[in-house]
Amino acid sequence: MAPALTIAGLSVFYGRRAILENLSVPALTGGSVTALIGPNGAGKTTLLRALAGLVPATGSIRLDDVELTRLTIAGHARFVTYMPQALPQRVALTVFEATLSALMSSREGGLSGGGLSSGEAQARALRTLERLGIGDLAMRGLDELSGGQRQLASLAQSIVREPTVLLLDEPTSALDIHHQMRVMQLVEELARERSIIVVIVLHDIAQAARFARRIVVLEQGRIAADGSPGEAITPETLARVYRVEARVERCARGFLQVIVDRAV
Ligand SMILES: Nc1ncnc2c1ncn2[C@@H]1O[C@H](COP(=O)(O)OP(=O)(O)OP(=O)(O)O)[C@@H](O)[C@H]1O
């Protein structure tokens with residue numbers, strides 16, 4: 001059965017300020033992508049960090065029978081991989097070495113790489129780079145990559161682990177359109193193939209609608225909409241949450257398109 005992640009009554013404070021207050025999200029299930037969207041400062045990164053166990057939170061985050069809020073950071077890492085927006089990758093490793101070492105550390109932590117031989121682990125690391133279209137960067141140093149290439153290398157390190165829950169914070173923000181599509185296609189395929197629960201923060205609403213089966217719209221730490229792209233992305237929601245006048249239309253292939261006319 002596909003895994004399910006359920007958030008109930010979740011609160012996160014920075015100092016005395018509530019960033020998320022009593023937030024509940026019905027089960028996010030493995031096998032498809034959920035996009036988390038919303039304006040700057042809405043609390044999207046804070047929510048991902050709470051799910052990854054990186055900020056203190058009260059309330060409940062259940063992954064099937066496991067209460068994640070009771071686990072240590074290392075305990076979280078057995079189930080959850082989080083790719084942050086900022087990429088601290090000025091380290092003296094090649095792209096291949098960094099990908100392999102992410103996979104090996106996940107093996108120690110009990111993730112899906114657990115039963116792999118070192119040959120199989122190397123093959124999986126290379127296959128991940130190839131699926132992301134960066135096989136040619138395998139032997140390049142992380143410290144000699146462009147911003148977009150570094151983002152792709154960082155993604156490789158997250159997805160190679162094939163965690164139960166994959167949290168990606170704006171993973172396509174530095175990428176050209178070819179690589180944006182490639183990443184989103186791969187993430188969607190991996191979710192389906194491995195029943196991974198993928199939660200991805202995106203600012204590109206059309207991209208979110210194209211690849212996510214479910215969209216959660218966050219506004220000032222609260223859920224403003226939650227549903228299929230057609231349910232969650234409406235001119236009314238966009239006006240209320242983003243303060244824009246926008247049209248939501250379907251292209252010839254049936255995908256939602258958002259045409260923003262002006263900020264209001
Ligand atoms: N370390 C921190 N200390 C205090 N306040 C913080 C901290 N990190 C974030 N915040 C505040 O928490 C709120 C939510 O921030 P968060 O980064 O979660 O928003 P976001 O939705 O991811 O925004 P963006 O789209 O701009 O990345 C913001 O008001 C921000 O100023």
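The model is predicted: local features need pLDDT of at least 70, side-chain atom pairs count only at pLDDT 80 or more, and totals for chains, interfaces and linings use all residues. Residues are numbered from 1 along each chain as its sequence is written.

## The sheet

Four strands form an open sheet in the order E2-E1-E4-E5, with antiparallel pairing. Its edge strands are E2 (17-29) and E5, each of which pairs on one side only. Strands (E, at least two residues) and helices (H or I, at least four) are DSSP runs, numbered from the N terminus. Two strands pair if DSSP finds at least two bridges between them. Strands of a sheet pair through backbone hydrogen bonds, either parallel or antiparallel.

Strand E1 (residues 4-14) is joined to E2 by seven bridges, and the two run antiparallel. Ala4 has Thr29 in E2 as its bridge partner. E1 and E2 form a hairpin with two residues between them. In that turn, Gly15 has a positive phi of about 65°.

Five bridges join E1 to E4, again antiparallel. Here Ile7 has Ile61 of E4 as its bridge partner. Thr6 stands opposite Arg62 in E4.

Helix H1 lies across E1, E2 and E4. It runs at about 65° to E2. Two residues are in contact if their C-beta atoms, placed from the backbone, lie within 7 Å. Axes are lines fitted to C-alpha atoms, for helices over the stretch in contact, and angles run from 0 to 180 degrees between N-to-C directions.

## The ligand shell

Around the ligand are Tyr14, Ile19, Gly38, Asn40, Gly41, Ala42, Gly43, Lys44, Thr45 and Thr46. A residue counts as near a molecule if its C-beta atom, placed from the backbone, lies within 6 Å of it. H1 (residues 44-51) gives the most to this shell, with three residues. By class, the shell has three nonpolar, six polar and one charged residues. Ala, Val, Leu, Ile, Met, Phe, Trp, Tyr, Cys and Pro count as nonpolar, Asp, Glu, Lys and Arg as charged, and the others, Gly among them, as polar.

## The domains

The domain assignment, from an automatic or database source, gives domain 1 (1-79 + 164-234) and domain 2 (86-161). Their centres, taken over C-alpha atoms, are 22 Å apart. The contact takes 13 residues from domain 1 and 13 residues from domain 2. On the domain 1 side, strand E7 (165-169) and helix H6 (177-194) are the elements that give two or more residues. H6 gives the largest share of that side, five residues. By class, the domain 1 side has nine nonpolar, one polar and three charged residues.

Most residues other than glycine have a negative phi. Asp64 has a positive value, and so does Arg243.
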